[in-house]
Every structure is written in structure tokens, then in C-alpha cells.
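Have the sequence and the 3D view open side by side.

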Amino acid sequence: MTPTPPKRDVVWVDGLRGIASVLVVTAHICRSLAPHLLSPAMSDKLPPTLLQLPFIRCLVMGRASVAIFAIVTGYVNSLGPLKKSRAGNADAALSGVAKSTFRRFGRFMIPAVVATVFSWLGCQFGAYDIARVSDSQWIRDTSPESSTSFAGAFYDLFKNLGTTWIDGFNTYDRIQWTLTYLLKGSMMTYLSLFALVYVKPRWRMLIIAGMFYFKWKSGDALVGFNIFCGIFLADVSVDGDIASFAAAHPFFQAVGSSILIFLGLLFCSYPEENPEWARWSTKLLHFGYWIFPSGVEFSRYYPGLGADVLAAGVMFNATAKKLLSLRFLCWMGKLSWPVYLLHAPLIRTVLTWVLFGASVRPPQGKDQNGNDLPPGWLPIANRWVVFFALPLFYVFLYRVAGLWASYVDPWCTNVTQRFEDLVFRDDAKVDKPLLLS
């Protein structure tokens with residue numbers, strides 16, 4: 001009788017994913033209202049502000065969050081099949097991977113389509129009009145104009161629904177450019193499991209490490225090596241020998257994992273702009289020339305490396321896993337997908353209306369020919385408005401995300417399930433091993 005795989009160790013992953021999702025929101029708000037935080041100091045001659053200091057600046061850096069999403073994708077999607085493979089139930093693992101691969105498209109793409117349609121509707125009814133004249137470059141750059149005709153509006157919608165998955169461009173929600181990469185990362189995970197599910201565990205981990213190195217050297221910092229880090233960590237987490245060794249050396253496990261968490265947060269702090277403006281980031285810049293492939297973007301590689309090292313440290317640190325397993329963080333993790341899809345349109349509408357809606361565009365005077373210049377950008381109405389509006393915006397965002405999780409996500413799941421029932425063979429609709437010969 002085949003042993004039943006133990007319960008999946010993913011509770012702390014939900015907490016990590018929840019923190020990553022809220023940091024994506026914070027990063028985009030900072031890009032909108034305080035873009036100077038992308039640098040490690042106010043200038044090369046001025047000291048940093050509090051949020052520009054290393055470690056603390058992780059609160060406003062969003063690129064590490066995308067890397068964490070990729071790590072979580074590799075970890076969670078491979079953990080179950082790897083457990084079944086180690087238990088000698090490889091055929092059941094392959095059956096599960098085959099179904100998960102099919103379902104992934106629907107459960108990933110349908111919610112993104114719904115979010116795009118909502119954003120498109122808002123755009124056509126002028127929801128982004130204030131955003132397009134606000135004194136925030138990121139908000140202006142990500143706020144589209146309404147279409148010029150009724151037919152043109154539907155043409156623009158279907159065009160962007162396609163380009164989202166072809167080249168990552170979606171004018172109605174620019175942040176969806178990451179989705180095509182994360183979907184490709186999911187497919188890399190499933191393909192790797194198909195190829196390696198019958199391989200002995202030690203050889204499988206060696207091969208996955210080799211794929212990590214290949215993606216590292218090929219410049220795939222956004223998703224590639226992070227996906228294989230997640231798969232590798234999943235295999236490590238279900239290895240009994242590694243678990244026994246770690247349990248037998250609790251002091252070294254605690255110290256080693258703490259060092260990894262420290263280094264991970266330091267690497268995640270690497271600034272997107274002007275790293276030479278601070279001593280600590282300058283040292284990381286010089287260190288990057290030694291460890292990274294030539295010609296790559298350090299502001300992508302460092303957050304990716306930091307997220308990998310951080311995840312490895314957390315996985316071996318009981319205190320960190322306990323903290324990430326707190327109910328509130330796990331609740332945030334359950335809402336991470338709707339939060340990611342909804343936060344940017346809500347920033348460009350609700351938050352922008354509150355911050356800029358009561359302002360008046362200042363006059364710019366006349367040009368040299370005496371003609372009136374176009375008025376300036378809308379300033380923030382009042383700094384006290386920002387102080388009160390931002391916390392309320394997070395409450396509103398998570399309330400809307402909760403409604404999405406209660407109504408939209410189940411509908412998307414049902415659509416995927418109905419399509420699966422339509423196209424799957426009858427013998428594939430029941431959970432039994434898929435024998436491959």
C-alpha cells in the first residue's frame with residue numbers, strides 16, 4: 001500500500017506571499033508619490049531619509065516581491081508531486097501535474113481578463129481623466145485615454161487582452177506585464193516535474209541546481225532562476241535526511257538561517273536607481289560585478305538573489321516560519337492574487353481622486369508669442385489628506401479584494417471547471433493514477 005504523503009508545509013508560504021503582495025502595493029504608491037525612494041539617498045551629497053536606509057527600504061521595494069511570487073510558484077506547485085514521487089507514487093504525481101497544467105491557464109488568465117475588462121470600462125467612462133493630469137509621472141504614464149469610438153473601444157479591449165500574454169503589454173493595466181512571465185514560470189515548473197518525477201531525489205536536486213545556474217547565466221532574473229529555487233527548496237523541504245541533519249544541529253540551523261535572512265534582506269535593499277549615492281549600495285554594486293553575469297541589470301538580479309536567500313533562510317528558521325504563519329499574514333496571502341490585480345487600477349482611480357481631485361491645475365503663463373501655455377499638472381490637494389488617505393486606501397483595497405475572492409474567484413474557478421469537464425476524457429475526470437508506458 002502506497003504511503004499517504006504528509007500534509008503540505010505551505011502555511012508560512014501564504015504569509016510570505018501576503019507580505020510580498022502588500023509590498024507591491026506600497027512600492028507602486030511610492031513610485032507615484034515619492035519616486036526619490038528608488039535611490040539610496042536624496043543625492044550623492046545629501047544623507048538618506050529613513051525609508052532609503054538598507055533593510056528599511058525593503059518596505060518600498062517591489063521587485064523582490066515579484067521574485068517571491070516566482071519562488072512561491074515553484075515551491076507550492078511542485079511540493080505535492082515531489083512528495084508523491086518520494087513516496088513511490090510517481091504515476092499519481094504525473095496525473096496531478098497534467099491536470100494542474102491545464103487548470104493553471106484558466107485560473108491564471110480568466111481573473112486577469114476580468115480585471116482588464118473592469119479597468120477598460122472605467123477608462124471608457126473617464127475614470128482615469130484625473131490621473132492623466134495628476135502631478136505623478138507613474139500615475140500619468142499608466143493611465144490610458146478612452147477610445148475615440150464605440151467600435152474602437154472594443155477593438156482596443158480585445159487587442160490588449162491578447163498582447164497581455166503575447167508581449168506583456170496591457171494599456172489598461174500596465175502591471176500585468178509580469179503575468180506572462182509568471183505563467184511561463186508555472187509551465188517551467190510543470191515541465192520540470194514531468195521530466196524529473198522518476199529521477200532519484202539526489203540526482204533531481206542536482207539537475208534542478210544546474211537549471212538554476214543555467215537561468216542565472218542566461219540573464220533570466222525576473223522569473224527563471226527564482227522558479228528553480230522554489231522547486232529546489234520544495235525538494236529540500238521533503239528530504240528526510242536533510243530534515244534529520246538540521247534537527248540534530250539546532251544551533252547551527254538557527255545561526256545559519258538567521259544569516260541567510262540578514263543577507264537576503266540586504267540584497268533585497270539594493271536600489272533601482274543611483275546605487276553609487278550610498279556607501280553600502282556602492283559596495284554591493286562592486287560585489288555584483290564579481291558574481292553576476294556581464295551586462296545584466298543589477299536592480300533585477302539583487303532582489304531575485306535576495307528573495308532566494310531569504311526564502312531559504314525562512315524555511316530553516318522556526319521562529320520566522322511561526323511569524324509568517326500568523327493568521328493575519330495568511331489572510332493577506334489568501335488575498336494576494338486579487339490585491340495584485342486590483343491595486344493599480346484603484347490607485348489610478350480612488351486614491352488619485354482623493355489626493356488630486358480637489359486641486360486646480362495651476363496656470364503656466366504665456367509663451368514667447370503671448371499664447372497661453374497648457375496648465376500644469378494637478379498637485380496633491382493637501383499633505384494631511386495623504387496622511388489620512390493612505391491607511392484608509394489599504395483598508396478599502398483589502399475590502400474590495402475580499403469581495404473579489406468571495407464572488408469573482410469562485411466564478412472563474414467554475415468556468416475553468418466547466419471547460420475541463422467539457423474537454424477532459426471521462427477517465428481523466430476522476431482522481432486515479434495516469435499510467436504512462
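Start with a serine: the side chain of Ser78 reaches the backbone oxygen of Gly74, at 2.4 Å. Keep in mind that what you're looking at is a predicted model. Ser78 sits in helix H2, which covers residues 63-86. Is Ser78 buried or exposed? With a relative accessible area of 0%, Ser78 is buried. If you skip the neighbours within four places in sequence, Ser78 is in contact with Thr189, Leu193, Gly230, Ile231 and Ala234.

Stay on H2 for a moment and look for helix H7, residues 201-217. Two packed helices are described by the angle between their axes and the distance between the axes. For H2 and H7, the axes come within 11 Å and cross at roughly 150 degrees. That angle makes H2 roughly antiparallel to H7, because angles over 145 degrees count that way. On the H2 side, the contact is made by Leu82, Ser85 and Arg86; on the H7 side, by Pro201, Arg204 and Met205. Sort the residues of this H2 and H7 contact by type and you get three nonpolar, one polar and two charged.

Now for some backbone angles. Phe55 is not a glycine, yet Phe55 has a positive phi of about 75 degrees. You'll find Phe55 in the loop between helix H1 (11-33) and H2. Asn274 is another non-glycine residue with a positive phi, in this case near 50 degrees. Asn274 belongs to the loop between helix H10 (250-268) and helix H11 (279-291).

Leu326 is in the loop between helix H13 (318-324) and helix H14 (327-334). Along the sequence, Leu326 and Leu355 are 29 residues apart, and their C-alpha atoms are 33 Å apart in space.

Next, the cysteines. A disulfide is a covalent bond between the sulfur atoms of two cysteines. How many disulfides does the model have? The count comes to zero, with a pair needing its sulfur atoms within 2.5 Å to qualify. Take Cys30: the closest cysteine sulfur is in Cys58, 13 Å from the sulfur of Cys30, so that is too far for a bond. What about Cys58? The closest cysteine sulfur to the one in Cys58 is in Cys268, and at 5.4 Å that is still too far for a bond. Both of these cysteines are tucked away: Cys30 is buried at a relative accessible area of 14%, and Cys58 is buried at 13%.

Last stop is Asp409, in helix H16, residues 383-423. At 18% relative accessibility, Asp409 counts as buried, because the cut-off for that label is under 20%. Which residues does Asp409 touch, not counting those up to four places away in sequence? They are Pro111, Trp337, Pro338 and Trp404. Asp409 and Ile347 are 62 residues apart along the chain, and 21 Å separates their C-alpha atoms.

Note on methods:
Residues numbered from 1 in each chain as written. Predicted model: local features only at pLDDT ≥ 70, side-chain atom pairs only at ≥ 80, totals over all residues. Heavy atoms only, no water. Helix = DSSP H or I, 4+ residues; strand = E, 2+ residues; numbered from the N terminus. Buried < 20%, exposed > 50% of the residue type's maximum accessible area, 1.4 Å probe, protein only. Polar contact = N/O pair within 3.5 Å; in protein donor to acceptor, adjacent residues only side chain to side chain. Contact = heavy atoms within 4.5 Å. Axes fitted to C-alpha atoms, helices over the stretch in contact; angles between N-to-C directions. Parallel < 35°, antiparallel > 145°, perpendicular 65-115°, else oblique. Nonpolar A, V, L, I, M, F, W, Y, C, P; charged D, E, K, R; others polar.
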